[in-house]
Amino acid sequence: MKRTLGTCYYPEHWSREIWEVDARRMAEAGLTWVRIGEFAWSRIEPSRGAYSFDWLDDAISVLGEAGLKVVLSTPTATPPRWMLDRHPEMLAVDVDGRARKFGSRRHYCFSHEGYKAECAQIVAKLAERYGRNPSVAAWQTDNEYGCHDTTLSYSDMARHAFRGWLRAQYPGQGNDGDIEALNKAWGNIFWSMEYNDFDQIDLPNLTVTEPNPSHVLDFRRFSSAQVVAFNKLQADIIRAYSDAPIAHNYMGRITDFDHFAIGDDLDIASWDSYPLGFLEDRIEAAPSYKRAYARQGDPDFQAFHHDLYRAVGKGRWWVMEQQPGPVNWAPYNPEPLPGMVRLWTWEAFAHGAEAVCYFRWRQAPMAQEQMHAGLLRPDSVAAPALAEAEQVYREIADAPEVTSYQSPVALIFDYEADWAWAIQPHGLGASYFDLVFDTYRALRALGLSVDILRQNADFTTYKVILAPGLMHMSDALKGALRASGATVVLGPRSGARDSSMRIPVPLPPAVPGLDVLVSRVESLRPDMQIPLKSGGTITRYHEVLEGDAEVIEETDDGQPAIVSGDCFIYVSGWLDAAAMKRVFGTVCERAGIDVVNMPDGLRRRQTGHEMFWFNYSTAPIDAFGTTFQAASVTREML
Amino acid sequence: MKRTLGTCYYPEHWSREIWEVDARRMAEAGLTWVRIGEFAWSRIEPSRGAYSFDWLDDAISVLGEAGLKVVLSTPTATPPRWMLDRHPEMLAVDVDGRARKFGSRRHYCFSHEGYKAECAQIVAKLAERYGRNPSVAAWQTDNEYGCHDTTLSYSDMARHAFRGWLRAQYPGQGNDGDIEALNKAWGNIFWSMEYNDFDQIDLPNLTVTEPNPSHVLDFRRFSSAQVVAFNKLQADIIRAYSDAPIAHNYMGRITDFDHFAIGDDLDIASWDSYPLGFLEDRIEAAPSYKRAYARQGDPDFQAFHHDLYRAVGKGRWWVMEQQPGPVNWAPYNPEPLPGMVRLWTWEAFAHGAEAVCYFRWRQAPMAQEQMHAGLLRPDSVAAPALAEAEQVYREIADAPEVTSYQSPVALIFDYEADWAWAIQPHGLGASYFDLVFDTYRALRALGLSVDILRQNADFTTYKVILAPGLMHMSDALKGALRASGATVVLGPRSGARDSSMRIPVPLPPAVPGLDVLVSRVESLRPDMQIPLKSGGTITRYHEVLEGDAEVIEETDDGQPAIVSGDCFIYVSGWLDAAAMKRVFGTVCERAGIDVVNMPDGLRRRQTGHEMFWFNYSTAPIDAFGTTFQAASVTREML
Amino acid sequence: MKRTLGTCYYPEHWSREIWEVDARRMAEAGLTWVRIGEFAWSRIEPSRGAYSFDWLDDAISVLGEAGLKVVLSTPTATPPRWMLDRHPEMLAVDVDGRARKFGSRRHYCFSHEGYKAECAQIVAKLAERYGRNPSVAAWQTDNEYGCHDTTLSYSDMARHAFRGWLRAQYPGQGNDGDIEALNKAWGNIFWSMEYNDFDQIDLPNLTVTEPNPSHVLDFRRFSSAQVVAFNKLQADIIRAYSDAPIAHNYMGRITDFDHFAIGDDLDIASWDSYPLGFLEDRIEAAPSYKRAYARQGDPDFQAFHHDLYRAVGKGRWWVMEQQPGPVNWAPYNPEPLPGMVRLWTWEAFAHGAEAVCYFRWRQAPMAQEQMHAGLLRPDSVAAPALAEAEQVYREIADAPEVTSYQSPVALIFDYEADWAWAIQPHGLGASYFDLVFDTYRALRALGLSVDILRQNADFTTYKVILAPGLMHMSDALKGALRASGATVVLGPRSGARDSSMRIPVPLPPAVPGLDVLVSRVESLRPDMQIPLKSGGTITRYHEVLEGDAEVIEETDDGQPAIVSGDCFIYVSGWLDAAAMKRVFGTVCERAGIDVVNMPDGLRRRQTGHEMFWFNYSTAPIDAFGTTFQAASVTREML
């Protein structure tokens, strides 16, 4: 499959007169895909039951005639105002108990059955009408599930649905559920929190002090399941009418629902890549680091998500929205350096993307995102990103097609683990995502191409698998890892909780073949470190180990820091960057994987046929016998 | 007109026995004015409809007999508790949806018609009784509109009134308004936010993510208009009974309503000057700067407001409340240096004040402001400020009268521009007020006396007009500036939005005679700067320019930074202090205005007959052939 | 009385099979006390009126047969979920007006009469059944009153009760109260806040700007009184059935209710000592300081509370919960250094504790506190603290019994003063607790053993009494201090307010025999200091003095800083650590008290027979001719 480009377009924002010109310019720029319809519900159904498809027929026709392929989105992220009159209770409720009002987007609660029925109907109308339209070559469900903190809702509807979900999780006789099973699983005897009936269970917000972590974890699971069900409802309807692949556009660093579970109901995963916005808004780093990459973005953050969504999409994935200039939503919104739009695009292809679409075609002069750049300025003059997109289009013409590449090293990412850490960080700000991302950074600093895996993936093709921070590990997972043939790096907090968020006895990690036990744990102030004899330190989180496993690293004062047994290696804390790079480098080398020492700002990624080098820094880098220009990508055929 | 002094007095706080003594001491200290009545509603109307004027008759009589003139305030900032029983819905509602309860002050929503009717009645009672009283020589409406964030209310009453206001702004057939006109103006097609009816429109709080900026801007305009109407209601009633001038006492750095529009209904503008409180609480500055001026106040902040309220009052303005010692409300409340109360008083006169009144006569031993100093201590012993006031009284005896002075340089300040920046700062914390104030600081550092102007002022008497950050510029304004004969300095963000908060096409600034267009914009991290070739940098906000205007400054990497055409100069970013001083100094010199280099902490101001020098620093300053003593004012006859 | 050890145990958390083993291991470890029952209401009364005592009978029997003594707690801190069905209004309401929901603990409002009646009933049931049980040797009421900010509730019930309380405080004819007396006491004329009736009075939250401080102070007094009444209800019932002593376990740095007033209804005071949690969470200090003591805790914080609760318990006091390892609730939760659990235990004994109980016996594997260490790990293996407890047990065997020791120096702590400072700090973050604690630190740095006293204590046995920051001082207190024979150190803010939170006239401190008057006050930025001629500075808060008292310290610019007269010394500001140590050292020496210069981290405490030295630092300290090992206690017989 050829690598392709695209853009996001809102015909309803523009005068009918310019649609043909827009379409022609898109085609001339080398774009293949045009995503439309995403927020157009108020034009498709201006009032309840009164549909207006003419304009959409027209728009799809104009685009199709220009040779473009349409990705048609369901408009369910933006129900029109009249919907609220029909369903006044459809709004989500925030953790403080306030309804989240109409006037922007994503103003719905995933647990509202009435709204879900409305969604089913509009999706059916669209699928029925356009399911066989030759220009509609792909679908997108909704938009950025979970964005603006919309996964968790504390509404009456959510409470009611949660009780039903719990009854199913703790089944009893008949339909009533087994409340004693729940009490036991949650440990409700602690603080007399025992329930007599499922209808006594409330959502875990506004409690006097922290709620029971088991209660919160179940609420997190329920909330994620509601998103999955919402998406599946749409996907099933579309499939009944269309053979075009179905995608959803995930947003960066949103972890409140299980992306893998949604991916199971999709054909293609996609995500929305805003490197500069993410650097400012969603990455913890020193100001000097943010300053250094302010116009380029973090050198690893996009790559991490590319690898993640390759897994979510089971190999098929896109960038559905690519930042083309300044965005509007970060604390500070600088312009990218010249060359970065091209670099970001190629980086996606290097990680296996089928398509990269720019958000958006023309900068909107009105409403919330008027400060968000497009490929065109509001006056339709080309913005700098358009030329970079056109350059990529010329470059992909004779580049290899999309291929899959088998990495030797894998990193497990698990959404439930992220929830568990968020519920119980133990140390202020300790985040599972950050732990995994730090691990990913270290692997990339060793020049490695990495596969990101879900818990139930096929592990048998890897030499090294890293699985930090998996707070719950099922016996099946432990067994599969042991059977994989790979060296498996665990810890910290691996298997630290059972499936109900309790400490298991025997104590963690309880991995067959690895004779180690976490005797005690502690969280550390940011200014505390525990140095390792071989260099680097343990930071943030530290565990005291017992057992007869082989000690392969010690702390300065002679305590075991990293041990091994069978195929497993256990790391007893959150390593700093130096220690991670050193330790994981050694592990890889012993497993027969070549590693290199990548300079700061330089990263690489391998495909089946190519090696890509990305210089995210503002200066040229001389390394590996080559000069890598600043803000540029270097492609090398293998 | 003679320069005069005064004080704020609350006879109802004190035993009747001491009123005569107080009045005599005021007169002996040289005070002319006594403001009273401000918060006395519960004594004037102890229960609904039961008025008690005897004590007020008595108080006015005592003051009048001592030779003092009374400024009588309407008591509407503090409705008594019984009012709430009559009008339970009168409370404002905060942005989080919570009623703002009784128990302090300003507990009313400007949109509550019932409360407004009550206000009309008490004002009528007062005006009728005292409108011709020879001792009542001026009036004050309410107290510090907008203080404690009270302009914006999210109540049901406000929502109802907002819908009505919108109907009038987007008029249709009959009384219904044209909802399609509103949808178009706001760009509601974006995110399917279109309305079918005005009654669907809610207030723009508690939305899932940011509300539509056009929606917010209209809400801001509406909210300001409600304050204006509230004030006009009172002023009209007073005028029906009295010829005495009407004032309102504005509070420093309150920008949520249009002070000029209120000023149109007043005879005198006045403001409440708390230099030390403002430095701690309302100015963004480095700790070292705040430390340096902790006992003196910011050297430019009072002057800025003096110049602003001279414009609001169309030449007639007072300081209605002047800090006499520590206040109670800032994060830290130190004593002023000896001499500062005199300095602040003279500075007001230097900027054209008719009167300066000290808040308050005697420190209150009870309730919320017991830590607020007065001219007297709670035990009636003179506080240090009293001697400084007496010194000023002796000094004004043979000083010139209040005169007007025509500055050669003007600075436009616009409330709507402040709202627009607040709605869409693009970069965290970027504030229009700060941009204008930074500009003002730079002009003052050049030794200039400055006029502050509203948008529709007469521009023809100036050599240089600065108009930074005016996000919307009407064609009329552009024309008037061009016709003024002055050099006009625009940018950044000048004309960046149309009247509905949309990006105009052609792109900004679209000023006839100036061939420049803002191609792209970006906001910068605080640690990012864009250096200029001639010195100084662009910070916070930066624009990329296109066009054939003459380039008069370039960035270090050769991009146009400041351009000129016709009478206009356009500045493409937020300049730092060094660049502002250098650039504006050059502009002024070319326009034939003399500038000097004022040392840090030294400021000057010219009147028709005098040049004043104010040393805000803690050490003497040798400059211009003179030694300016610390914390002192030097007056020089011209 | 022998010094004893104990632990907190939750038999309901564990399988019945291991109770005997647990009990035997406790006894073997040398423990005397086992506190139980604390959160077990849902097991004692699983549904309304259906009691289940068998398991509790059994548990007490098992413990008693092992030779252990039971402290039986009332379970009222954790009402079961069914209680909420009976009393839906029982939840407290937070300052933002939100009900504080079920799902953790302390979810009740002290003003809910229905809930109080339920508490009376369960307490009566327990007392009746176990009041004469020979194994039940002590009682505990509820758990940690005020923890999680639960003293203040803004519920409808609280409002109703507050009105009733106010009627009693401002009595009028009949039952109606004298509303004019309240208006006058509160100064409600200010801002027209006058009430016509008590039923108009609301709770002082959500006001537009700050509420009247007199209003808040009365609400604070009321709220404290509600806790006292709640506790007394329980204590009175227990006493009707049992002769065993009654305790409550106070939590560190909780000051929202009057601990002395509760102590009047107890036989024993106890507190819950979490040195590492407190250091991170409840102490203001530089990061470097927190880093230095991260594994040891603050060297003075525990001692301060020991001395405080010795006073609250009128000599009889315990540590009811002692941290045995990492806790779960601080921002960071490191392990203590080896030796610290022993050190903390001995420090309690050195200050006169009768018993120290460790929280908890076995780490809970479930629910909110699963990260909280115990003496045993979740797998029942001994955690390190157990060995340290056993060592203390061996050491107390031949150590002296609990004795009382008369300190020569006393420090007054007053809860109302803390509320007054919190209501009116004047300078951001200025806290009475911190002022008193800074004073305590200085005395400890002089090697002194200190008694902490309440306002109405017997002062006659001391040579020096320090009473900083007592914002209200009654005439009786002033007289008692003068009559004590001690040197009494006052200021800043001593007597600064009358009993209604108004500034008194004549101005403060108005202490007979001391001719000084606080003329003016100011709060200072953290970067402002006022140096003293003899060394050290005034920080945060500063007063200007007048009068003929003898000046014993001056500021650098020659103003009186500390004055004396009769037995009194008045300090006109918040001294820094250097000045406090110097000034108080001199005062003590002149009063005939020996002081020494304690090195950082080393502290000492005297009993009737012993001198204890505690090295809180991470390195040995050579001082006083001895080497004090790091993290260790040195005991010396006198």
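Predicted model: local features only at pLDDT ≥ 70, side-chain atom pairs only at ≥ 80, totals over all residues.
**Note on the chain interfaces and selected residues**

1. Between chain A and chain B there are 7 salt bridges. One of the pairs joins Asp96(B) to Arg98(A), whose closest N and O atoms lie 2.5 Å apart. The interface of chain A and chain B also holds 32 residue pairs in polar contact, with both residues at pLDDT 80 or more.

2. On the side of chain A that touches chain B, at least two residues each are supplied by α2 (41-44), α4 and α11 (287-292) of chain A. Sorted by class, the residues of this side are 24 nonpolar, 13 polar and 18 charged.

3. How much area is buried between chain A and chain B? The value is about 4600 Å², and carbon and sulfur atoms give 55% of it. The size of an interface is often expressed in this way, as the accessible area lost when the parts come together. In terms of residues, 55 from chain A and 50 from chain B take part in the contact.

4. The contact draws on 50 residues from chain C and 55 residues from chain B. About 4600 Å² is buried between these two chains, with 55% given by carbon and sulfur atoms. Within chain C, the residues that lose the most area to chain B are Trp191(C), Val208(C) and Arg525(C), which together account for 18% of what that side buries.

5. Which side chains meet in a salt bridge between chain B and chain C? Arg43(B) and Glu194(C) do so, at 2.6 Å from N to O. In total, 7 salt bridges are found across the interface of chain C and chain B, along with 32 residue pairs in polar contact (both at pLDDT 80 or more). Strands β13 (517-523) and β15 (537-546) of chain C each provide at least two residues of the side that touches chain B. The most is given by β13(C), with 6 residues. By class, this side of chain C comprises 24 nonpolar, 13 polar and 13 charged residues.

6. An unreviewed UniProt entry carries the annotation "binding site" for Arg105(A), Asn143(A) and Trp329(A). Arg105(A) sits in the loop between α4 (81-86) and α5 (113-130) of chain A. Is Arg105(A) buried or exposed? Arg105(A) counts as buried, because its relative accessible area is 7%, under the 20% cut-off. Beyond its neighbours within four places in sequence, its contacts include Asn143(A), Glu144(A) and His148(A) of chain A, and Trp191(B), Val208(B) and Thr209(B) of chain B.

7. Trp329(A), which the same annotation covers, lies in the loop between β7 (317-322) and α13 (340-350) of chain A. Trp329(A) is partly exposed, because its relative accessible area of 26% falls between the cut-offs of 20% and 50%. Leaving aside neighbours within four places in sequence, Trp329(A) touches residues including Met251(A), Tyr274(A), Phe278(A) and Arg282(A).

8. Ala355(C) belongs to strand β8 (residues 355-358) of chain C and is buried, with a relative accessible area of 0%. Apart from neighbours within four places in sequence, Ala355(C) is in contact with Thr4(C), Trp33(C), Trp317(C), Trp318(C), Val319(C) and Phe349(C). Its C-alpha atom is separated by 9.4 Å from that of Val402(C), a residue 47 places away along the chain.

Terms used
Residues numbered from 1 in each chain as written. Chains lettered and ligands numbered in written order. Heavy atoms only, no water. Contact = heavy atoms within 4.5 Å. Buried area = accessible area lost by both parts, 1.4 Å probe. Salt bridge = Lys/Arg side-chain N within 4 Å of Asp/Glu carboxyl O. Polar contact = N/O pair within 3.5 Å; in protein donor to acceptor, adjacent residues only side chain to side chain. Helix = DSSP H or I, 4+ residues; strand = E, 2+ residues; numbered from the N terminus. Nonpolar A, V, L, I, M, F, W, Y, C, P; charged D, E, K, R; others polar. UniProt positions renumbered as here; feature names shortened; annotations may be inferred. Buried < 20%, exposed > 50% of the residue type's maximum accessible area, 1.4 Å probe, protein only.
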